[in-house]
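These are my notebook entries on one protein chain. I set down what I looked up, entry by entry.

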Amino acid sequence: MFSKSCEYGIRAAIYVAKHSRNNHKVSLIEVAKHTDSPPAFMAKILQKLTKTEILSSLKGPTGGFFITEEHLNTISLLNIVLAIDGDGIFENCTLGLRRCDGQKPCPMHFNFRKIREEMKETLSNTSLKLLAEEVSDGITFLKR
């Protein structure tokens, strides 16, 4: 459903949010290790999340990645998906046609329109803070 970058980005954001709740910053190596992702690939993802202001970062010996308290309360999964994958998952044709809309729909257009709307709503209503809390409480997991 999401690109590999987006999957890693969601896991990374949840991991950073989990630690940000306790005012801890985390390093690239920590994020990569605890999300089961290659460090070089994760570096690019964290850079993108920082550039889009989902994450913040500080350099130096006490630096690392973190999310401000204000952002913890406002970031949704939709923000992360849009930052990494863009809106293609909601806009592009399911069958890969260059042009597909209500005027000239592909055979799957109307079936997937409702699914896309529901997915967008679910992502929008799922807060990063809630997911971080569930990981912290041991209800959900980022790595197997």
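**Entry 1: basis of the notes.** I am working from a predicted model, in which local features need pLDDT of at least 70, side-chain atom pairs count only at pLDDT 80 or more, and totals for chains, interfaces and linings use all residues. I number residues from 1 along each chain as its sequence is written, and side-chain values use heavy atoms, with hydrogens and water left out.

**Entry 2: the chain as a whole.** I counted eight helices and two strands; helices (H or I, at least four residues) and strands (E, at least two) are DSSP runs numbered from the N terminus. From the N terminus on, I read the order as α-α-α-β-β-α-α-α-α-α. The C-alpha trace spans about 55 × 30 × 30 Å along its principal axes. Of the 144 residues, 35% are buried; I use buried for under 20% relative accessible area, exposed for over 50% and partly exposed for values in between, with a 1.4 Å probe and protein chains only. The accessible surface comes to about 9,000 Å², and carbon and sulfur atoms hold 51% of that surface; the areas come from the Shrake-Rupley method with a 1.4 Å probe, and for residues only the protein chains shown count as cover. Among contacts with a separation of 6 or more, 64% join residues 24 or more positions apart; contact means heavy atoms within 4.5 Å.

**Entry 3: helix H5.** I asked how many of the eight residues of H5 (residues 77-84) are buried. Six are, so H5 is largely enclosed by the rest of the structure. I list them as Leu-77, Leu-78, Ile-80, Val-81, Ala-83 and Ile-84. They pack against H1, H3, H6 (88-91), H7 (109-125) and H8 (128-136).

I then took the pair H5 and H7, whose axes come within 5 Å and cross at roughly 115 degrees. Axes here are lines fitted to C-alpha atoms, for helices over the stretch in contact, and angles run from 0 to 180 degrees between N-to-C directions. H5 and H7 are therefore roughly perpendicular; that word covers 65 to 115 degrees, while under 35 is roughly parallel, over 145 roughly antiparallel and the rest oblique. Leu-77, Leu-78 and Val-81 of H5 meet Lys-120, Leu-123 and Ser-124 of H7. I sorted the residues of this contact into four nonpolar, one polar and one charged. Nonpolar covers Ala, Val, Leu, Ile, Met, Phe, Trp, Tyr, Cys and Pro, charged covers Asp, Glu, Lys and Arg, and polar covers the others, Gly among them.

**Entry 4: helix H1.** H1 has 17 residues and reaches 24 Å from its first C-alpha to its last, close to the 24 Å expected at 1.5 Å a residue; the expected span is 1.5 Å times one less than the number of residues. Its buried residues include Cys-6, Tyr-8, Ile-10, Ile-14 and Val-16. I noted H2 (28-34), H3, strand S2 (64-66), H4 (69-72), H5 and H8 among what covers the buried residues of H1.

H1 (residues 4-20) and H3 (residues 39-51) pack at about 70 degrees, with axes 10 Å apart. They are therefore roughly perpendicular to each other. H1 contributes Lys-4, Ser-5, Tyr-8, Gly-9 and Ala-12, and H3 contributes Phe-41, Met-42, Ile-45, Leu-46 and Leu-49. I class these as seven nonpolar, two polar and one charged.

H1 and H8 pack at about 75 degrees, with axes 8 Å apart. That makes H1 roughly perpendicular to H8. On H1 the contact uses Ala-13, Ile-14, Ala-17 and Lys-18, and on H8 it uses Leu-128, Leu-131, Ala-132, Val-135 and Ser-136. The division is seven nonpolar, one polar and one charged.

Entry 5: Most residues other than glycine have a negative phi. I recorded Asp-36, with phi near 60 degrees, in the loop between H2 and H3. Asp-36 is partly exposed at 48% relative accessibility. I also recorded Glu-53, with a positive phi of about 65 degrees, in the loop between H3 and strand S1 (56-58). Glu-53 is exposed, at 56%.

**Entry 6: two further residues.** Beyond neighbours within four places in sequence, His-109 contacts Cys-100, Asp-101 and Gly-102. Ala-40, in H3, is exposed at 59%.
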